[in-house]
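Please take a moment with the sequence and the model before reading on.

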Amino acid sequence: MKKKLLLLAGLIFSNAYAYELEGLNVGGEAAFDYNLVSTGDEAIPGAGGGKDNQYRFNYAQLLLKKDVEKLSFFSRLFYLPTTYDTNGNQNTANLGVLYQLEVFYKVSPKLDVGFGRFLTTMGYESPFRTNNLTYNYTISRQTLYPGYADGLRARYFAHKYLTVNLSSYNRFANSSFGDDNSTSKATEVSLTGTIQDFTWFAGYITSRDTNATEKVDNTGASVWLSYKFWQDFTFVATFENRTSDTKNSALLYTQSLSGTLAYTLGIHNFAARYEHVTGADNINAINGAADFKTANRVNSITLTDKIAIDKNLNLYLEYRGNHADDKAFLKDTGSTVRDASMFTIGAIAHF
């Protein structure tokens, strides 16, 4: 995924302004897909936004990392299609966004402290999708815990089997009142470790979102376990939850339980994932537009064949089927149904 770039000083304008930059690690990936969706031009909530019979450049990202003595720099530049209206006409442009920029200082061999725009430590799935077992994310990955925010973080390497992260951010959006630029704060603590083929994680976050007339207290938890066995098998179990308390209405609670079994056979990486969401009707409900309408329970099954065409290219064949206990899925005909499905042919090129 990563390659070392050596930039020679003699290539930079003239000797007077020349400098040498070594040890810059660069990685990146680009994703393209074609989807067949049972709901037509209405995307299935929590399924990645794909629409029926549509070619889609999904995203591209570039990762840069540089270590300089006691300092470490890391950035993630994301490039994704964005739809907007101009004089009533719908257009799509590809916008570059600096999602992540982290600077860490090594205080001691066991302690790093840093500032910047951080990615939450919560959740099993990676934003670098090549590392994931499936092409599309779980519902919880897209809806239950926040992504990026400005703040501070301390990392303590307590033991080779245990790392502790403590982070303080500007409030995470959590689907409440927009962006994270606020005087209120979010606090996140997490612990993770690896013992041979067993990896575990436990994290908790609490934050308060405010606007001119209301405040919302948010909490979230993430626990996951990953185990590799019989050389070619991987099993992952996850638990995610989130609560939002406005004090003026009922407590909004959502949780997700999922299990994934993956098996590698030659160039094929097969995965079967089951996810059960309770409190689905509370997702984004605070903004008056619940993603899953009045459905409280949603079950999602994903079957994936991730094919390693080349060491830098993966092809994905993926089926996703969702079932809700109420009519949660809007079709492009205007009707709502309990069941929705999507078949994806995707490709991710990476280096």
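Strands, like helices, are runs assigned by DSSP, with at least two residues needed for a strand, and they are numbered from the N terminus. In this model, which is predicted, Leu225 has its place in strand 11, the run that covers residues 215-229. Is Leu225 buried, partly exposed or exposed? Because buried means under 20% relative accessible area and exposed means over 50%, Leu225, with a relative accessible area of 38%, counts as partly exposed.

The surroundings of Leu225 can be followed along the chain. Leaving aside neighbours within four places in sequence, Leu225 is in contact with Phe198, Thr199 and Trp200, and also with Phe235, Val236 and Ala237. One of these residues, Phe198, is 27 residues from Leu225 along the chain, and the C-alpha atoms of the two are separated by 7.4 Å.

Among the contacts between residues at least 6 apart in sequence, 52% join residues that are at least 24 apart. The accessible surface comes to about 17,900 Å², and carbon and sulfur atoms account for 59% of that area.

The structure holds 3 cavities of 30 Å³ or more, and the largest cavity has a volume of about 140 Å³. This largest cavity is lined by 13 residues, of which Tyr124, Glu125, Thr138, Thr260 and Arg273 are the closest to its centre. Strand 12 (233-245) and strand 13 (252-265) each supply at least two residues of that lining, and strand 12 gives the largest share, 3 residues. By type, the lining of the largest cavity divides into 7 polar, 3 nonpolar and 3 charged residues.

An open space, the second largest pocket, contains about 1,100 Å³. Its lining is made up of 35 residues, and those nearest its centre are Leu119, Thr120, Thr121, Ser126 and Pro127. Several strands give two or more residues to this lining, among them strand 3 (54-68), strand 5 (89-108), strand 7 (148-159) and strand 10 (198-210). Which strand gives the largest share of the lining of the second largest pocket? That share, 4 residues, comes from strand 4. In this lining 14 residues are nonpolar, 13 are polar and 8 are charged.

Key: Residues are numbered from 1 along each chain as its sequence is written. This is a predicted model: local features need pLDDT of at least 70, side-chain atom pairs count only at pLDDT 80 or more; totals for chains, interfaces and linings use all residues. Side-chain values use heavy atoms; hydrogens and water are left out. On a 1 Å grid over the protein atoms alone, a cavity is a set of points where a 1.4 Å probe fits but cannot get out, and a pocket is an open set with protein on both sides within 12 Å along at least five of seven lines; lining residues have an atom within 4 Å of a point. Grid points are joined across faces, edges and corners, and a volume is the space filled by probe spheres set on the points. Ala, Val, Leu, Ile, Met, Phe, Trp, Tyr, Cys and Pro count as nonpolar, Asp, Glu, Lys and Arg as charged, and the others, Gly among them, as polar. Buried means under 20% relative accessible area, exposed over 50%, partly exposed in between (1.4 Å probe, protein chains only). Contact means heavy atoms within 4.5 Å. Accessible areas come from the Shrake-Rupley method with a 1.4 Å probe; for residues, only the protein chains shown count as cover.
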